[in-house]
Amino acid sequence: MTLLISVLAVVLVGRADAVLPTDTITTFAKSSEAHGVYTSVAKFGPDFMIMSRLAGPMWVMRNGATETAAGSVGYSAGGAAASSIVVDWARGYVYYVPTGKHSVVRVAIDKTDPGAPKLKTTAVTTGSATTSGFAGDGEAGADVRFNSPRGLALGSDGTVYVADMKNNRVRFISPTGVVETFAGSGSAGSSGDGGQATSARLELPTVVAVAPDNNVLINSNAGATFFSQRFRKVAPNGVITSITPACGTSCRRLRGMTFDATGAAYLSLPHRIFKYSGGNFSSLTSLVNYSGDVGAYGGDGGEIASARLDSPGALAVDQVGSLYILSNGRVRKVRNYPPRAALSCSPMQGNAPLAITCAPTAGTFDPNGSIISYGWNFGTRLGTTTVKRVQQTHTYDTAGAKVVKLTVTDDAGVRATAEVTITVR
Ligand SMILES: [Ca+2]
């Protein structure tokens, strides 16, 4: 009995301390007869996700929807089973790699109905569906040859990076459709750090990702066994270096990588999802860290740490910091809960000059993560002042109603604000 009470006490205290909501992972879209098995996922503008399926056209769903809800906007024209998708929403294009083909297909987005964006039917193909090879740098369309392209990533300028796996290179497609080699000499290996990326050796790259600072991350699967546990990084000046993430052998067999608004990197690995805050690959948080059976699926409705994922693949982060994971033919969603902000100031009124001290109160917290910055705005006639300090003092020299505003940002880059009004006489 004593043991039972102790266990209960631990559970209750644990819940009280951890303000984690209990439904942090759900199935956003599941494989079914109606919707098919999903093969990739990407953010589709501010409010939607786009998913490719094993059979049939791509499927668009509103971020906040569940699969059966009215929020689904339905099938899009065009599309096919894709091993990778990127969306250039600003320029109005979806790029994808058709599974098993040696090409990258670009389809224009039809934004005529903002509540139901779709794909147009016309497509531009770079490379060949059936013929592999290495050719076409400086050219476009059917003159280009890829060899088993896999992962795609989008640069902020509309450049699309292609992990051209069996060419041991990363290529890129410019917004005008012209292909060039971005990294890799073509010879398999792992060398060239400190030099130009085009002179370096890569081996069977499958994943490429662009960080918010425009560094391009590549997995290079040294040894032809997909067992690499280090990444290559290409800086905007074209110089390549190596990164060894602080996850050791767990970082083998990388299948997907994406970044959120704060620069945090998310990695999908067998049964695992890792997150690196700040994108520096040394501050590791394991979101899912399971080493059990292949094919495992479970944990919906529970906390992310208890989820079961089988070989998660594509990853995407939406506008409010929620993470979408392709796994088990489904798209799972790890919802980010926005931070909350509340503040108090003392004194709340008085005669000028009035010195006040303000601080966040207990109502300032993040339900599922942490707050990484505090911004203060005292609304003075001198303009906005934003100071990232937890407690802040300010002196008002003139009479009037003064608004003090606190803005907090969570570790997914989502903000919340609160304000109080100070009466200065
Ligand atoms: Ca949060």
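Where is the place of Asn168? Asn168 sits in the loop between strand S11 (160-164) and strand S12 (169-173).

## Basis of the model

The model is a predicted one, in which local features need pLDDT of at least 70 and side-chain atom pairs count only at pLDDT 80 or more, while totals for chains, interfaces and linings use all residues. Residue numbers run from 1 along each chain as its sequence is written.

## Overall composition

The protein contains 1 helix and 31 strands. Both element types are DSSP runs numbered from the N terminus: helices are H or I with at least four residues, and strands are E with at least two.

Of the 425 residues in the protein, 41% are buried. Here a residue is buried if 20 or more other C-beta atoms lie within 10 Å of its own, exposed if 12 or fewer, and partly exposed in between, with C-beta atoms placed from the backbone. Among contacts with a separation of 6 or more, 48% involve residues 24 or more positions apart; a contact requires C-beta atoms, placed from the backbone, to lie within 7 Å.

## An open antiparallel sheet

Strands of a sheet pair through backbone hydrogen bonds, either parallel or antiparallel.

Ile25 has Val334 in S24 as its bridge partner.

Most residues other than glycine have a negative phi, and most peptide bonds are trans. Asn168, which is not a glycine, has a positive phi near 55°. Asn168 is buried, with 22 other C-beta atoms within 10 Å. Ser311 also has a positive phi, about 40°, and lies in the loop between strand S21 (284-289) and strand S22 (315-317). Ser311 is partly exposed, with 17 other C-beta atoms within 10 Å.

The peptide bond from Ser346 to Pro347 is cis, with omega near -5°. Pro347 belongs to the loop between strand S25 (343-346) and strand S26 (349-350). Ala352 and Pro353 are likewise joined by a cis peptide bond, with omega about -5°, and Pro353 is placed in the loop between S26 and strand S27 (354-360).

Terms used
Two strands pair if DSSP finds at least two bridges between them. Two residues are in contact if their C-beta atoms, placed from the backbone, lie within 7 Å.
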